[in-house]
Amino acid sequence: MAEVAIPLSEFDPEMASTRRLLERIPFEKAQWKPHEKSFALGHLTQLVAWMPGWIAETLNKPEMDIAGGGESGGYSFEETEKLVSLFDENVRRAREALQNVTGARLDETWTLKIGSQTIMSLPKRAAVRQHLNHFCHHRGQLTVYARLIDVPVPQIYGPTADEKWG
């Protein structure tokens, strides 16, 4: 069996718990921020919906250029259903890439750029792992935002104040 960047047995539960969280984020609170320096709830939700796509892009391409910001030129406020659909598509693409890009291909160099400036270059296997960790970090932020606006927080790795073992 070929070596993989992230085993699907690890990837799938992370995505399933995230989807349960995303479904609960109310669009009508999209512009809410816990602090003036914080991301708006809608932008953080959009970022979490995009991030599995980074895994697909990293495995399938040699570089990512984030000049212009975001997947479509920057953040916007989108309906919850649209973000969940976007998340589902990005998860599908990432899962496919995780299955197809294996072994020695994971040692290929991937580069993150902002225009002509190189931010970092590293093997795809390391970049993809970093993306998953970064994703989990922002999902954690989203659970805190959810708590602060009284949205029930779903189980991620175990029970929450809102969902007990079941």
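Guide: The expected span of a helix is 1.5 Å times one less than its number of residues. This is a predicted model, and α1 can be held against that rule.

Visitor: What makes the reach of α1 close to the expected one?

Guide: Helix α1 has 17 residues. From its first C-alpha to its last it reaches 25 Å, and 24 Å is expected. The two values are close.

Visitor: How does α3 do on the reach from its first C-alpha to its last?

Guide: Helix α3, residues 80–100, has 21 residues. It reaches 30 Å, close to the 30 Å expected.

Visitor: Which residues of α3 are buried?

Guide: They are T80, L83, V84, F87, N90, V91, A94, A97 and L98.

Visitor: What puts them on the same side of α3?

Guide: The arc they cover around the axis is only 145°, so they lie on the same side of α3. As background, an α-helix has 3.6 residues a turn, so residues three or four places apart point the same way.

Visitor: What does the face of α3 turned away from the buried side carry?

Guide: That face carries the exposed residues E81 and K82. The cover over the buried residues of α3 includes α1 (8–24), α2 (41–60) and α4 (124–148).

Visitor: Why is T80 called buried?

Guide: Buried means under 20% relative accessible area. T80 has 11%, so T80 is buried. This residue is found in helix α3. Leaving aside residues up to four places away in sequence, T80 touches L22, E23, I25, P26 and F27.

Visitor: Which residues of α1 are buried, and what covers them?

Guide: F11, E14, M15, S17, T18, L21 and L22 are buried in α1. Their cover includes α2, α3 and α4.

Visitor: Why are α1 and α4 called roughly parallel?

Guide: Angles under 35 degrees count as roughly parallel. The angle between α1 and α4 is about 25°, and therefore the two helices are roughly parallel to each other. Their axes lie 11 Å apart. The crossing of α1 and α4 is left-handed.

Visitor: Which residues make the contact between α1 and α4?

Guide: From α1 come E10, E14, M15, S17, T18, L21 and L22. From α4 come R129, L132, F135, C136, R139, L142, T143 and A146.

Visitor: How do you know that α1 is roughly antiparallel to α2?

Guide: The cut-off is over 145 degrees. The axes of α1 and α2 cross at roughly 160° and come within 11 Å. That makes α1 roughly antiparallel to α2. In this pair, α1 passes α2 in a left-handed crossing. F11, M15, T18 and L22 in α1 meet T45, V48, P52 and I55 in α2.

Visitor: Is Q155 buried or exposed?

Guide: Its relative accessibility is 17%, and buried means under 20%, so Q155 counts as buried. Q155 sits in the segment after α4. Q155 and T18 are 137 residues apart along the chain, and their C-alpha atoms are separated by 9.4 Å.

Visitor: Why does D150 count as exposed?

Guide: Exposed means over 50%. D150 has 70% relative accessibility, so D150 counts as exposed. D150 too is in the segment after α4.

Visitor: What is the phi of D150?

Guide: Phi of D150 is near 65°, a positive value in a residue other than glycine. Most residues other than glycine have a negative phi.

Terms used. Residues are numbered from 1 along each chain as its sequence is written. This is a predicted model: local features need pLDDT of at least 70, side-chain atom pairs count only at pLDDT 80 or more; totals for chains, interfaces and linings use all residues. Side-chain values use heavy atoms; hydrogens and water are left out. Helices (H or I, at least four residues) and strands (E, at least two) are DSSP runs, numbered from the N terminus. Buried means under 20% relative accessible area, exposed over 50%, partly exposed in between (1.4 Å probe, protein chains only). The arc is that of the directions from the helix axis to the C-beta atoms. Contact means heavy atoms within 4.5 Å. Axes are lines fitted to C-alpha atoms, for helices over the stretch in contact, and angles run from 0 to 180 degrees between N-to-C directions. Angles under 35 degrees count as roughly parallel, over 145 as roughly antiparallel, 65 to 115 as roughly perpendicular and the rest as oblique. A crossing is left-handed if the near helix is turned anticlockwise from the far one by less than a right angle, and right-handed if clockwise.
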